[in-house]
Amino acid sequence: MYMRKLKLIFCFLVFISCNALAQDAKPSILERLSGEWTADGKAFGMPAKIFMKWEPALEGKFMKLTYNMEMTTKDGKRQVFNGIAFYKPKGDGTFVATWVDSSGDMHPIAATVDGSTLVSVWGTPETKLGKTTYAFIDDDKVEIVDQIKRNDKWNEFNRNTVVRKVN
């Protein structure tokens, strides 16, 4: 009887350990975002082609985000906006990053995870304060929402759903 209880306890401990390991093996939000994403949508009120790529960088210490929007004005002219960010995990489910873009802006980023959403707050209250959320709809679709803070209120200026590019 004693051996039977010992075996049951052992099996229970193995089960709990395997379950804990499986939970730890769950990919981080940045790993889930890894890859190329595209959309035909709108940017700043204009039709746009959106491209986003997340990839490990600098010996895996950072995750690099490359973001491009190619917009078409009402008179048919092409406008391009490009940005790059380097995200660094802090180890507690938060991230720090730096964003630079083709408009000449450079912003610090403080990012957190909320379920299956990465929330990136960029800029400073003294300059410009914005927020970009990357919300998983499913494993192959992410909704990106850009907002800027004005008069203590978040105002949306872009919203697109990108789809994972299959190679």
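**Salt bridges, rings and surface in a predicted model**

User: What do the side chains of Asp40 and Lys49 do together?
Analyst: The side chains of Asp40 and Lys49 come together in a salt bridge, with 3.0 Å from N to O; please keep in mind that this is a predicted model.

User: Is Asp40 buried or exposed? And which is Lys49?
Analyst: Asp40 is exposed, with a relative accessible area of 63%, and Lys49 also counts as exposed, at 51% relative accessibility.

User: OK, how many salt bridges does the structure hold?
Analyst: There are 10 salt bridges in the structure. One of them joins Glu70 and Arg78, whose side chains meet at 3.3 Å, N to O; here Glu70 is partly exposed at 36% relative accessibility, whereas Arg78 is exposed at 58%.

User: Which residues are linked in a network of salt bridges?
Analyst: The network links Glu36, Lys53, Glu55 and Lys165. Within it, Glu55 forms a salt bridge with Lys53, and the closest N and O atoms of that pair are 3.7 Å apart. Glu55 has a relative accessible area of 25% and is partly exposed, and Lys53 likewise counts as partly exposed, at 25%.

User: New topic: aromatic rings. What's the count of aromatic pairs?
Analyst: If ring centres have to lie within 6.5 Å to pair, the count comes to six aromatic pairs. In one of them, the ring centres of Phe44 and Phe157 are 5.7 Å apart and the planes are at 20°, so this pair is stacked.

User: Why does that angle make the pair of Phe44 and Phe157 stacked?
Analyst: Planes under 30 degrees apart count as stacked, and the planes of Phe44 and Phe157 are at 20°, so the pair falls into that class.

User: Where do Phe44 and Phe157 lie?
Analyst: Phe44 lies in the loop between strand E1 (35–43) and strand E2 (46–57), while Phe157 is in strand E10 (residues 153–164), so the pair ties together parts that are 113 residues apart in sequence. Phe44 is partly exposed, at 44% relative accessible area, and Phe157 is partly exposed as well, at 29%.

User: And what kind of pair do Trp54 and Tyr134 make?
Analyst: Their ring centres are 5.6 Å apart and their planes are at 85°, so Trp54 and Tyr134 make an edge-to-face pair. This pair links distant parts of the chain, with Trp54 in strand E2 and Tyr134 in strand E8 (residues 129–138), 80 residues apart.

User: Are Trp54 and Tyr134 buried or exposed?
Analyst: Both Trp54 and Tyr134 are buried, and together with Tyr87 they form one aromatic cluster.

User: Which charged residue sits over the ring of Trp154?
Analyst: That is Lys131, whose charged end is 4.6 Å from the centre of the Trp154 ring. Elsewhere, Arg32 lies over the face of Phe136, 3.8 Å from the ring centre.

User: Switching to the surface, which residues make the nonpolar patch?
Analyst: Leu58, Ile84, Phe86, Val100 and Met106 make a nonpolar surface patch of about 450 Å². Among them, Ile84 lies in strand E4 (residues 78–89) and is partly exposed, with a relative accessible area of 32%.

Terms used: Residues numbered from 1 in each chain as written. Predicted model: local features only at pLDDT ≥ 70, side-chain atom pairs only at ≥ 80, totals over all residues. Heavy atoms only, no water. Phe/Tyr/Trp six-rings, centres within 6.5 Å; stacked < 30°, edge-to-face > 60°. Helix = DSSP H or I, 4+ residues; strand = E, 2+ residues; numbered from the N terminus. Buried < 20%, exposed > 50% of the residue type's maximum accessible area, 1.4 Å probe, protein only. Lys NZ or Arg CZ within 6 Å of the ring centre and 35° of its normal. Patch = residues over 30% accessible without salt bridge, like charges linked within 9 Å, V, L, I, M, F, W, Y side chains within 5 Å. Areas by Shrake-Rupley, 256 points an atom, 1.4 Å probe, with all protein chains shown as cover. Salt bridge = Lys/Arg side-chain N within 4 Å of Asp/Glu carboxyl O.
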